[in-house]
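Please look over the sequence and the model shown here before reading on. The report that follows goes through the fold, some single residues and some charged pairs.

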Amino acid sequence: MQFHTAKLMGQLKLAKAKGTILAELKKIERVDLLILDDFGLQPFDPQSRVTLLDIIEDRHQKRSTIVTSQIPVKEWYDIIGEKTIADAVLDRIVHHSLRVELFGESMRRRNSKIENVFL
């Protein structure tokens, strides 16, 4: 299951307003592989950072989670916000993960150059 992180947080805010947040979090917890895409492009507000902690805590050492981001990991602390929650989230993500950093030109940019040759 793949989600743009900011959109997922928005959907979960709506679920909280509807009273279905626990059911939604349970669904996310049971997914074998969760992909949080574009992590940190928008800072987390208080409700989203608590929700993020819930998701990470529920899945910690039980299910696989991939986090993709264009933001360096060292900046995630500030993006998450509140120190205690950021510590808890990053402790679970950073210390129990395999980290892959990609360097070089974006695949989208590279592919657009190839496509433009044929126009």
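## A partly exposed loop residue

At 21% relative accessibility, D38 counts as partly exposed, where buried means under 20% relative accessible area, exposed means over 50%, and partly exposed lies in between (1.4 Å probe, protein chains only). D38 sits in the loop between β2 and α3, and although D38 is not a glycine, its phi is positive, at about 55 degrees. Helices (H or I, at least four residues) and strands (E, at least two) are DSSP runs, numbered from the N terminus.

The model is predicted, so that local features need pLDDT of at least 70 and side-chain atom pairs count only at pLDDT 80 or more, whereas totals for chains, interfaces and linings use all residues. Residues are numbered from 1 along each chain as its sequence is written, and side-chain values use heavy atoms, with hydrogens and water left out.

A positive phi is also found at Q61, a residue other than glycine, where the value is near 60 degrees. Q61 belongs to the loop between α3 and β3, and Q61 is exposed, with a relative accessible area of 64%.

## The sheet and the helix across it

Three strands form an open sheet in the order β1-β2-β3, with parallel pairing; two strands pair if DSSP finds at least two bridges between them. At the edges are β1 (2–4) and β3 (64–67), each of which pairs on one side only, and from one strand to the next the twist averages 15 degrees. Strand β2 (residues 33–37) runs parallel to β3 and is joined to β3 by four bridges, and the partner of L36 in β3 is V67.

Across β2 and β3 lies helix α3 (residues 46–59), which runs at about 150 degrees to β2. Such axes are lines fitted to C-alpha atoms, for helices over the stretch in contact, and the angles run from 0 to 180 degrees between N-to-C directions. Leaving aside neighbours within four places in sequence, T51 is in contact (heavy atoms within 4.5 Å) with M9, L12 and L25.

## Charged pairs and a nonpolar patch

The structure holds six salt bridges, each being a side-chain nitrogen of Lys or Arg within 4 Å of a carboxyl oxygen of Asp or Glu. Side chains of opposite charge can pair when their charged atoms come close. Among the salt bridges are those in the table.

| Pair | N to O distance |
|---|---|
| K27 and E24 | 3.3 Å |
| E29 and K26 | 3.2 Å |
| E101 and R99 | 2.8 Å |

K27 and E24 both lie in helix α2 (residues 21–30), three residues apart, which is about one turn of the helix. K27 is partly exposed at 44% relative accessible area, and E24 is partly exposed at 27%. E29 and K26 are likewise three residues apart in helix α2, so that about one helical turn separates them; E29 is buried at 17%, whereas K26 is partly exposed at 42%. In the remaining row, E101 is partly exposed at 47%, while R99 counts as exposed at 52%.

On the surface, L98, V100 and L102 form a nonpolar patch with about 420 Å² of accessible area together. One of these residues, L102, lies in the loop between α5 (83–94) and α6 (107–117), and L102 is exposed, with a relative accessible area of 76%.

Methods: Patch = residues over 30% accessible without salt bridge, like charges linked within 9 Å, V, L, I, M, F, W, Y side chains within 5 Å. Areas by Shrake-Rupley, 256 points an atom, 1.4 Å probe, with all protein chains shown as cover.
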